[in-house]
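User: I would like to learn how to go through a structural model feature by feature, with the general idea set out before each case. Could you take me through one?

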Amino acid sequence: MLLDTIKTVSAYAISSEAEFIEKVRAVSEVRQAQVAKDLKRKLNKDRKRSKELNGLIKKLYEAYAGEKISEKRFEMLSGEYEQEQETLEATIAQEQAELDAFEADTARVD
């Protein structure tokens, strides 16, 4: 059954090459567009969280400077926030690279 399917698709691809290429391209573009949309959404979410962390770190420093929190609490929270931000920055860079690659591939399709 698998061999018959391969033969049928191959025969169609050979006999109607332009149409076959267009169908494959259309399906691929739909899938890639959804992946890109999801990636952009996640990238925006991660960037927003990174900005939130900047604000939280600033408030934390102010609270520590104003002696509203202990040094131990400050070190614990600042360490957690900074670790999360480092991870986010790496993720953002990776997501942006993937998005740039997707856009470059889309431009090369033509």
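This is a predicted model: local features need pLDDT of at least 70, side-chain atom pairs count only at pLDDT 80 or more; totals for chains, interfaces and linings use all residues.

User: How should I read the packing of two helices, and at what angle do helix 1 and helix 2 pack?

Analyst: Two packed helices are described by the angle between their axes together with the distance between those axes. Here helix 1, residues 2–15, packs against helix 2, residues 17–65, at an angle of about 115 degrees, and their axes are 5 Å apart. Angles of 65 to 115 degrees count as roughly perpendicular, and helix 1 and helix 2 are therefore described as roughly perpendicular to each other.

User: Which residues of helix 1 and helix 2 make the contact?

Analyst: From helix 1 the contact draws on Val-9, Tyr-12, Ala-13, Ile-14 and Ser-15, while helix 2 brings Glu-17, Glu-19, Phe-20 and Lys-23.

User: Which residues make up the largest nonpolar core?

Analyst: A nonpolar core is read as a set of buried nonpolar residues whose side-chain atoms lie within 4.5 Å of one another, joined into a group. In this model the largest such core has 6 residues in all, namely Ala-36, Leu-39, Leu-43, Ile-92, Leu-99 and Phe-102. Helix 2 and helix 3, the latter spanning 71–109, each supply at least two residues of this core.

User: What does Ser-50 touch, and is Ser-50 buried or exposed?

Analyst: Ser-50 has its place in helix 2, and it touches Gln-85, Leu-88 and Ile-92 when residues up to four places away in sequence are not counted. A residue counts as buried when its relative accessible area is under 20%, and Ser-50, at 11%, is therefore buried.

User: How do I read salt bridges, and how many are there in the count?

Analyst: Side chains of opposite charge can pair when their charged atoms come close. The cut-off is a side-chain nitrogen of Lys or Arg within 4 Å of a carboxyl oxygen of Asp or Glu, and by this rule the count comes to 6 salt bridges.

One of them joins the side chains of Asp-46 and Lys-42, at 3.0 Å from N to O. Both residues lie in helix 2, 4 residues apart, which is about one turn of the helix. Asp-46 is buried, with a relative accessible area of 7%, whereas Lys-42 counts as partly exposed at 40% relative accessibility.

User: Which other residue does Lys-42 pair with in a salt bridge?

Analyst: Lys-42 also forms a salt bridge with Glu-95, where the closest N and O atoms are 3.1 Å apart. Lys-42 belongs to helix 2 and Glu-95 to helix 3, so this pair ties together parts that are 53 residues apart in sequence. Glu-95 is buried, with a relative accessible area of 5%. Taken together, Lys-42, Asp-46 and Glu-95 are linked in a network of salt bridges.

User: Where do Glu-84 and Arg-49 lie?

Analyst: The side chains of Glu-84 and Arg-49 meet in a salt bridge at 2.8 Å, N to O. Glu-84 lies in helix 3 and Arg-49 in helix 2, so the pair ties together parts that are 35 residues apart in sequence. Glu-84 is partly exposed, with a relative accessible area of 29%, and Arg-49 counts as partly exposed at 27% relative accessibility.

Definitions and conventions: Residues are numbered from 1 along each chain as its sequence is written. Side-chain values use heavy atoms; hydrogens and water are left out. Axes are lines fitted to C-alpha atoms, for helices over the stretch in contact, and angles run from 0 to 180 degrees between N-to-C directions. Angles under 35 degrees count as roughly parallel, over 145 as roughly antiparallel, 65 to 115 as roughly perpendicular and the rest as oblique. Contact means heavy atoms within 4.5 Å. Buried means under 20% relative accessible area, exposed over 50%, partly exposed in between (1.4 Å probe, protein chains only).
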